[in-house]
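Trainee: Could you walk me through this one before I set anything up?
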Amino acid sequence: MAYLVLDQLTKRFGNWTAVDNVSLTVEKGELISLLGPSGCGKTTTLQMIAGFLDADGGRVMLDGQDLLAKKPNERGLGIVFQSYALFPHMTAAENVAFGLEMRRINRADRDRMVADALKLVGLEQYGDRHPRRMSGGQQQRVALARALVIKPSLLLLDEPLSNLDAKMREEMQIELRRIQRTVGTTMILVTHDQSEAMALSDRVVVMNKGRIQQVATPQEAYDHPANAFVANFLGRTNLLPGMVGGGAGGTVITVADSVWPVAQPMAAGPGALAVRPEKIGFVDAGGLSGTVLARVFQGTQWLFEIETAAGRLMVIRQHDGSPLPAERERVMVGWRPDDMAVMPADREAA
Amino acid sequence: MAASTETHLSGTKATAPPPRRPRRWPWTPYLLSAPGLALFAVLLLVPLAMTFLLSLNSFSFYGGIENVWQLGNYADIIADSYFHEVFLRTFRIAAVVTLLCALFGAPEAYILRRMKSPWRGLCLLIVLGPLLISVVSRTLGWALLFGSTGLVNQGLMGLGLIATPIEFMYTETGVIIALTHVLVPFMVLSVWASLQRLDPQVENAALSLGAGPLTVMRRVVLPQIVPGILSGSIIVFALAASAFATPAIIGGRRLKVAATLAYDEFLNTLNWPLGATVAVLLLIANVVIIVGCNRLVERRYKQVFE
Amino acid sequence: MNRNGPIALIFHVLFLSFLLAPILIVCAVAFTSQGYLSLPTEGLSLRWFRAIGDNPEFIRAFKDSLLLGAVSSTLAILVAVPAALAIARHQFFGREAIQALFLSPLMVPHIVLGIAFLRFFTMIGLGGTFAGLVLSHVIIILPFALRLILAASTGMDRAVENAAASLGASSWTCFRRVTLPLILPGVASGWVLAFINSFDEVTMTVFIASPETTTLPVRLFLYIQDNIDPLVAAVSAVLIFLTVAAMLVLDRVYGLERLLVGKGRD
């Protein structure tokens, strides 16, 4: 039985559809990411779940109850805002206590719960500080404690780490994952940062132009993107145009002078082949031929740019002492058929 | 020592163009602000000092101003219940105007912030626009509404709110209404400025934690705009206490406030020393209130709002 | 997102009506066809606007007001720009005090300034002269100009000036070609705000002006003290129309909010 169900959720602003028939089910205790570029509808979806925006169509069911029928202040969700939205006139402890006060929890229990929540995020020393006197990372933790202390049925995180510097962000990712394991709250994370989504989530929901492109575990989405958009959005990829056709041993895709077997059944016609730079190797035969345009040393790895009849492609090889081609050398590149994804050509690219 | 080195260097500069130096000369800022300093010294400090000296002179109807130095004028004002009444009225009017401005201006600023784009700009224009229109023209409007056309009374009686006309002209009520009109845009501006610093997500955060709209207002929004209301109140109070044109037109010669009293002493009674004394007292009260309240507000909110 | 409820909207409408009522009534009364103060119930008439032409003292006062505003704002800018640069760019002994001094006219009631200037100008022989008006107006409008220029200079990236200097520009060239163009929006809005404050000033000017040299608000004020008739309503209406026109232009060009957030005291 699914815990949270989004059923054909739709939001229009004028004649622009920000969220277009989004359906999704989330299991209890799961951490799921809504991932996509800005304007893809991920934040709008979150705001509808939270109740700050009214949906134009569709339903949101949480634990069997219709969420859209409730006012935002009756939904009992925890929300961590991108700007943290801490109450600047209250101390950290007062911020955390606010939701408990609204629930009329008595003073003693409240103090205990606030202390526990601050301890959970590692801020037990900072209870009587005002937000302006805290670092970005500390404010972030207060916001998290404030949202968690009310034991929300669902925690919504709107780009929670985007205002932190790179090092802090990494620390908070680990922290967030630890907290999620500890408290077991179902969480929905909205982010445009694919590495953040991959690091944190059980499943990612890749969105573009108001529609869901793919729902999968991070690894699945990375290795087998459903379409060109997902392939491009989740890390660097090479997208090569080809022609799908039936061969002797099954379906194949022909890319310039090379032919690759396609595992899934596909209709014949123009197609595209996506393969990650780090999955490509230099082969002696049976691959795609080209010329090395440039090679760049990046410390742990070498980056190659190869000109082929199907277009330019990127190749990443580990710097492990094995011999590698020089610039302007004629080469042949290849990859395991398992490492590539084949899709019809008419799917929209990023 | 340092001063003599500087003089020496400046002498070099006057005779020959010096080589480029990596550092600016320490007196550059003084040179840049010199014209302003000279202007303010001659045209602000000297006249104000002279006004203070004038307030120490004595005046007789036949002898005119006498160059004596005494505190007789201050003693007169402190002793005379007529002056008490005028000063008390001035501060009463200023206090009520400040209260009304806060009561109406702060909610209006909040409503304006919640409005959508084209309406918001238009309404802001209507609210702030009167600041650019001459105070005399605006007060004339109230004189017309209160007196000649009696539109306000007609309206109130038409609505059944009052049975007989209320006298607005030459009354404190009239002065208070007109001054509130003149000064309320300052309050809206001040609260508006503090609302700009308020993260709109904060209200959503409170909602998501289970607070109802009224609780959000009381516990989250209001405490954050209090500094704006307070600094707006300081502005409004100071301007209301020293207002001249509006009380002169609506209050007339009968209902005096400090500013119109000083005006009359100067231009009608020609008792300049007494007028100067009233002015000095008004100035001191104004400076004490503005500086004192600002200090208080800053100290109280420094912890929270840097 | 968050919308205003019906009570808020009713309040809002009442508030705007309160603000607009006296302004609209002045404009309405100005169009009366009667010889006394009344609403134009008998049809609109321009007779009182024509009557302004028969009272040249209003037209002369209007011209004097414009000239006074223009001259004193320009002078205020000339003094305020170097002062603002000094305060914004340099750390020096007495910086805070100098800034406080330049902003201090905001704290002095205009009635006090009027009295002080009346006494001072009478003694030095500037009483009732245009020069006296200009000098006194420079003092009261300088804080408004200074604040906007100060905001512009503080917000400017100093590295740009250093870049110009490293390319061989002299201090003066650097100011003329780099600094001034960058703070120009602040300077322009400072001039406009100074002009408006000079043009609207009445309390201080009523002491300094003479029957020969006076401003329109003072002329209006003195007229109203004696007698309120449709003529002053017509003059006020013209003033209101001009202000509204200027306001719409300003709002387009600069944004009224941006201009006015600097107005008032803090």
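Mentor: What follows goes through the chains and their contacts, and please keep in mind that this is a predicted model.

Trainee: Okay, chain A then: how many helices and strands are there in it?
Mentor: Chain A contains 8 helices and 20 strands, and its C-alpha atoms fill a box of roughly 75 × 45 × 35 Å when that box is taken along the principal axes.

Trainee: And what share of chain A is buried?
Mentor: Of the 350 residues in chain A, 52% are buried. If you look at the contacts in chain A with a separation of 6 or more, 67% of them are accounted for by residues 24 or more positions apart.

Trainee: Switching to chain B, how is it divided into domains?
Mentor: Chain B is divided into domain 1, covering 2-56, and domain 2, covering 81-305. Between them, 5 residues of domain 1 of chain B are in contact with 7 residues of domain 2 of chain B.

Trainee: How much area is buried there, between domain 1 and domain 2 of chain B?
Mentor: About 440 Å² is buried between domain 1 of chain B and domain 2 of chain B, and carbon and sulfur atoms give 85% of it. On the domain 1 side, B:Thr51, B:Leu54 and B:Ser55 lose the most area to domain 2 of chain B, and together they make up 79% of what that side buries.

Trainee: Now chain B against chain C: how many residues does the contact take from each?
Mentor: The contact takes 94 residues from chain B and 86 residues from chain C, while the area buried between chain B and chain C is about 8300 Å², of which carbon and sulfur atoms give 78%. In chain B, the residues that lose the most area to chain C are B:Phe40, B:Leu43 and B:Leu132, together 9% of what that side buries.

Trainee: Last one, C:Ala237: why does it count as buried?
Mentor: C:Ala237 counts as buried because its relative accessibility is 0%, and buried means under 20%.

Trainee: Where is C:Ala237 placed, and which residues is it in contact with?
Mentor: C:Ala237 is in helix 11 of chain C, residues 230-253. Leaving aside neighbours within four places in sequence, C:Ala237 is in contact with C:Val26, C:Cys27, C:Ala30 and C:Phe49. The C-alpha atoms of C:Ala237 and C:Leu24 are separated by 8.8 Å, although the two residues are 213 residues apart along the chain.

Key:
Residues numbered from 1 in each chain as written. Chains lettered and ligands numbered in written order. Predicted model: local features only at pLDDT ≥ 70, side-chain atom pairs only at ≥ 80, totals over all residues. Heavy atoms only, no water. Helix = DSSP H or I, 4+ residues; strand = E, 2+ residues; numbered from the N terminus. Buried < 20%, exposed > 50% of the residue type's maximum accessible area, 1.4 Å probe, protein only. Contact = heavy atoms within 4.5 Å. Domains from an automatic or database assignment. Buried area = accessible area lost by both parts, 1.4 Å probe.
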